[in-house]
Amino acid sequence: MGLNALGIEAGTYLLVGAIFALLLTGQPLAWVTGLVALVFTFGWFGGNALPLVTARIFGFITEYSLVAIPMFILMAALLDRSGTAKDLFNGMRVLAGRLPGGVAVQTLIVAILMAAMSGVIGGEIVLLGILALPQMLRLGYDRNLSIGVVCAGGSLGTMMPPSIVLIIYGLVASVSIADLFVAAVTPALLLLAAYVAYVLARCLKNPELGPPMTAEEHAEESVTSALISLIAPAFIVVVVLGSIYGGIASITEAAALGVSSVLIVSALRGELSFRMLQESLVHTLETCGMIIWIGIAAAVLVGVYNLMGGNRFVSAAILGLDAAPVVIVLVMMAILLVLGMFLDWIGIALLTLPIFVPIVKQLGYDPVWFGVLFAVNMQVSYLTPPFGPAAFYLKSVAPPSITLQHIYTALLPFIALQLAVLALLLFFPATALWVM
């Protein structure tokens with residue numbers, strides 16, 4: 001007797017339960033998803049279902065939009081190994097250091113500029129953890145405030161174009177990536193503004209939380225040299241985003257231009273070397289390999305689940321809630337938030353979006369707007385315990401005295417700010433779509 005004898009409802013519960021049970025064994029998401037996909041493919045449809053597997057894999061790996069991902073990851077890897085980000089941080093520190101909480105504010109601004117240069121998140125948090133966290137702690141900044149700024153600022157890459165999250169969403173949801181990039185800028189700046197307002201409100205009320213630089217420290221740095229250090233990062237941002245918004249290049253072409261601009265800047269700075277290229281390419285291959293394997297496994301799983309009738313079952317269950325459309329979207333957001341506590345965002349996107357996006361369209365909502373909601377939701381998932389990646393990225397470079405408990409405690413106010421912005425976008429869609 002095949003698995004199809006269970007019926008789609010029991011089959012759904014068994015499929016989801018199998019994924020979470022296998023994840024508890026510590027196996028990578030790609031292997032878990034792939035194994036469950038194969039079991040249900042052959043268990044539900046029999047031995048003749050092999051063409052289903054191969055067709056789904058071929059359809060995924062031949063998607064043209066995927067070409068942009070390795071380029072943006074390579075650009076981020078090159079930036080991580082160059083001194084461009086360090087100069088950007090030092091330059092901004094001179095410009096903002098005299099303000100209470102100024103170094104924290106400039107860390108957030110550096111974070112969004114780094115996000116606009118690369119769109120990859122993990123490297124930003126590690127880099128800010130190396131550059132900004134020791135600096136803030138040395139200046140006497142509150143530990144929790146410093147930790148929160150680094151993690152929340154580093155996760156802005158989920159929102160700020162050229163975000164890899166938005167590229168994957170556009171690929172899976174068949175939505176224009178350029179439209180997503182345009183719509184995401186305002187919410188990304190809203191998040192930045194919320195973080196900056198929180199930092200300033202706390203530090204202006206209690207300057208001991210973020211002491212300004214002394215006049216002696218500020219005098220040691222030249223404003224002119226600080227401004228010069230901002231030229232290279234500004235050049236990279238203009239090349240990447242300017243080519244997209246100016247209609248000069250597609251997303252994929254802009255990614256290649258971004259890599260070229262980083263290579264040019266690194267060469268002019270005398271930092272370009274064979275070792276730097278080798279390490280960046282190896283990192284890019286490892287990261288892309290993870291994304292592709294998760295994508296292949298998820299594509300097969302979603303394909304077989306849809307053929308089982310799963311998309312109709314889930315759609316009927318959600319639409320059958322007999323609630324207002326905004327409540328249904330709120331339920332989807334809650335599901336994504338819960339999944340974000342346990343799964344990687346790539347797996348969440350590839351597993352849920354093929355089911356959620358058609359429902360969103362059926363409700364009459366713009367899938368571009370839902371893409372912005374999804375990106376904010378995934379930013380929340382980067383911070384939320386027990387598996388918030390931001391905490392682990394920072395722990396890898398933080399002083400030994402800072403524990404994971406310290407990090408998660410420090411992130412709570414910033415998670416609240418993210419949820420507030422998510423609610424604003426949910427109930428006021430024009431916040432994201434006014435530029436469309």
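Mentor: This is a predicted model. Helix 3, residues 50–61, packs with helix 15 at an angle of about 130°, and their axes are 9 Å apart.

Trainee: Is the crossing of helix 3 and helix 15 right-handed or left-handed?

Mentor: The crossing is right-handed.

Trainee: Which residues make the contact?

Mentor: From helix 3, L52, V53, R56, I57, F60 and I61. Helix 15 brings I292, G295, I296, A299, V300, V302, G303, V304 and L307.

Trainee: How does the contact of helix 3 with helix 15 split by class?

Mentor: There are 12 nonpolar residues, two polar and one charged.

Trainee: Switching to rings. How many aromatic pairs are there?

Mentor: The structure holds five aromatic pairs. One of them is W31 with W293, an edge-to-face pair at 5.6 Å centre to centre with 65° between the planes.

Trainee: Where do W31 and W293 sit in the chain?

Mentor: W31 is in helix 2, residues 29–45, and W293 is in helix 15, residues 274–308. The pair links distant parts of the chain, with the two residues 262 apart.

Trainee: And how exposed are W31 and W293?

Mentor: W31 is partly exposed, with a relative accessible area of 46%. W293 is also partly exposed, at 48%.

Trainee: What about Y365 and W369?

Mentor: Those two form a tilted pair, 4.8 Å centre to centre and 35° between the planes. Y365 is partly exposed at 21% relative accessible area, whereas W369 is buried at 2%.

Trainee: Which residues do ring pairs link into a cluster?

Mentor: Y195, Y198 and F414.

Trainee: Now the backbone. Is the peptide bond from P161 to P162 cis or trans?

Mentor: That bond is cis, with omega near 5°. P162 is in the loop between helix 8 (143–154) and helix 9 (164–173).

Trainee: What is phi of S174?

Mentor: Near 55°, a positive value in a residue other than glycine. S174 lies in the loop between helix 9 and helix 10 (177–205).

Trainee: Is S174 buried or exposed?

Mentor: S174 is exposed, with a relative accessible area of 65%.

Key: Residues numbered from 1 in each chain as written. Predicted model: local features only at pLDDT ≥ 70, side-chain atom pairs only at ≥ 80, totals over all residues. Heavy atoms only, no water. Phe/Tyr/Trp six-rings, centres within 6.5 Å; stacked < 30°, edge-to-face > 60°. Helix = DSSP H or I, 4+ residues; strand = E, 2+ residues; numbered from the N terminus. Buried < 20%, exposed > 50% of the residue type's maximum accessible area, 1.4 Å probe, protein only. Axes fitted to C-alpha atoms, helices over the stretch in contact; angles between N-to-C directions. Left-handed = near helix turned anticlockwise from the far one by under 90°. Contact = heavy atoms within 4.5 Å. Nonpolar A, V, L, I, M, F, W, Y, C, P; charged D, E, K, R; others polar.
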